[in-house]
Amino acid sequence: MKVLEVQGLRKQYPSFLLEDVSFSMEAGRNMGLIGRNGAGKTTTLKSIFNLVHPDAGSIRLLGADMPAEERKIKQRIGFAGGAVDYYKRKKLREIVAVTKRFYENWDDEICRRYSTAFSLDDEKTPLQLSEGMRVKFSLMLALSHHAELLILDEPTSGLDPVSRAELLDTFLFLKEKGVSILFSTHITTDLEKCADDITYLAKGRLITSEPLAGYLSANAKKGNGASLEEIMVSVEKESLHEILAD
Amino acid sequence: MKYLLIKELRLAASPLSYIFLVASLMTLLPGYPILMSAFFICFGIFHSFQSAREANDTLYTVLLPVKKRDFVRAKFIFTCLIQAAGFVLCAALTVLRMTLLADAGPYVSNALMNATPYYLTFVLLIFTAFNVLFVGGFFKTGYKIGIPFLIFGIAAFLLIVPAEILPHIPGLAFLHTPSGERLGLQLILLLGAAVIWGISTVLACRKAEERFEKIDL
């Protein structure tokens with residue numbers, strides 16, 4: 001079953017064009033959305049979640065059309081733009097108490113378990129939490145309503161290596177529980193640890209969307225490098241000196 | 001909508017929105033342009049928009065399973081609730097001034113506007129200006145509050161000054177006599193202002209919903 005289908009996505013900004021982006025994602029898999037800064041990852045994720053309005057293209061989530069069935073879809077998915085950066089001076093328990101009312105499937109017991117597992121103190125405010133803990137709080141909110149698909153924008157950016165490793169372990173744990181995760185990153189080593197598939201964007205265009213293992217082996221044969229980082233550098237590296245000379 | 005209102009009250013609202021309701025007490029001040037009470041009540045609501053913006057309230061809300069238009073509607077309803085509370089306080093104090101305090105010296109010799117239904121009429125018109133110009137203006141962008149509030153401030157000034165001048169025009173002094181004269185006419189004016197407030201707010205809300213729906217967040 002496909003949890004996400006993006007077809008012909010196009011979004012024009014004054015100085016950026018995201019064009020003809022199509023990919024899909026199967027249930028129970030983790031997909032990494034990769035690309036350099038400014039490649040169009042955030043625009044793609046925000047389009048999927050109806051935060052920006054694409055000029056063209058269609059988006060289906062869990063078999064339902066976005067934005068036509070937006071409310072229904074949002075009951076079943078979670079979106080986090082990295083760490084929680086809202087209501088930074090409100091206690092976590094206040095944010096939870098308000099948030100839970102909106103979800104039909106909110107599960108207090110699951111919420112309590114994640115809170116314990118993530119060592120979150122609900123008397124603290126987001127301002128008192130580290131970046132990593134705020135990402136975990138964001139995940140806790142998404143998971144407590146039994147989200148089947150998590151969409152995360154740069155969740156590992158700004159985290160120390162230990163927090164990043166913990167978060168990636170969490171992704172693998174969630175995958176075992178049947179949760180699909182689509183997350184954007186430009187930290188390619190994160191993907192090699194926990195992604196099944198990758199969707200690679202460059203300058204607003206889709207380079208590929210396929211299983212990670214296949215992509216790595218195909219590029220290794222072509223001599224583009226053995227790791228995602230080497231492949232990205234091989235595909236996209238521009239000489240600053242040449243650009244300046246032009 | 002109920003849950004969005006709870007969200008407004010528990011997470012998004014600034015305490016200043018409630019504290020500034022105290023400005024209703026200005027209704028009792030002699031020798032003071034008492035319509036400033038309406039301006040300060042609106043200023044208190046402005047603080048909620050400001051603190052909500054700083055707290056990324058918009059992003060939090062649109063990630064919830066709600067429609068973007070519900071977010072707009074909840075902001076308007078919150079605004080109207082505060083205004084209704086402010087109006088009730090102003091109205092109660094106006095009744096106090098027109099009855100028990102009608103013969104009080106400072107009010108009898110008051111050069112500026114006394115509290116009458118005419119005063120409450122302009123309170124509602126200032127609220128209307130706030131809803132249309134500030135709240136409606138805010139939803140053009142979803143984050144800019146300075147210019148919409150400046151425009152509202154100018155509009156409020158343009159309402160307060162003529163409202164203070166009008167009772168000094170020969171034949172219109174009845175508008176601010178402490179005990180109230182020609183109350184029937186004044187109450188009709190007040191009712192008209194209430195209708196204008198209600199209709200303008202609904203229209204401003206609809207327009208804001210359309211605008212906000214088109215914004216990329």
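Mentor: The largest nonpolar core has 85 residues, and those touching the most other members are Leu4(A), Ile48(A), Leu61(A) and Phe152(B). A nonpolar core here is a set of buried Ala, Val, Leu, Ile, Met, Phe, Trp, Tyr and Cys residues joined through side-chain atoms within 4.5 Å; buried means under 20% relative accessible area, with a 1.4 Å probe and protein chains only. Helix H7 (residues 117–141) of chain B gives this core its largest share, 14 residues; helices are DSSP runs (H or I) of at least four residues, numbered from the N terminus. This is a predicted model, in which local features need pLDDT of at least 70, side-chain atom pairs count only at pLDDT 80 or more, and totals for chains, interfaces and linings use all residues. Residues are numbered from 1 along each chain as its sequence is written, chains are lettered from A in the order in which they are written, and side-chain values use heavy atoms, without hydrogens and water.

Now take Phe152(B). Leaving out residues up to four places away in sequence, Phe152(B) touches Phe39(B), Cys42(B), Ile126(B), Ala129(B), Phe130(B), Leu133(B) and Phe134(B), where contact means heavy atoms within 4.5 Å. Another core, of 54 residues, lies apart from the largest one; among its members are Phe118(A), Leu141(A), Ala147(A) and Leu150(A).

The contact between the two chains involves 26 residues of chain A and 27 of chain B. On the chain B side, Leu11(B), Leu63(B) and Pro65(B) lose the most area to chain A, together 26% of what that side buries; buried area is the accessible area (1.4 Å probe) lost when two parts are put together, summed over both. For chain B and chain A that area is about 2600 Å², with 58% from carbon and sulfur atoms.

Notes
Buried < 20%, exposed > 50% of the residue type's maximum accessible area, 1.4 Å probe, protein only. Helix = DSSP H or I, 4+ residues; strand = E, 2+ residues; numbered from the N terminus.
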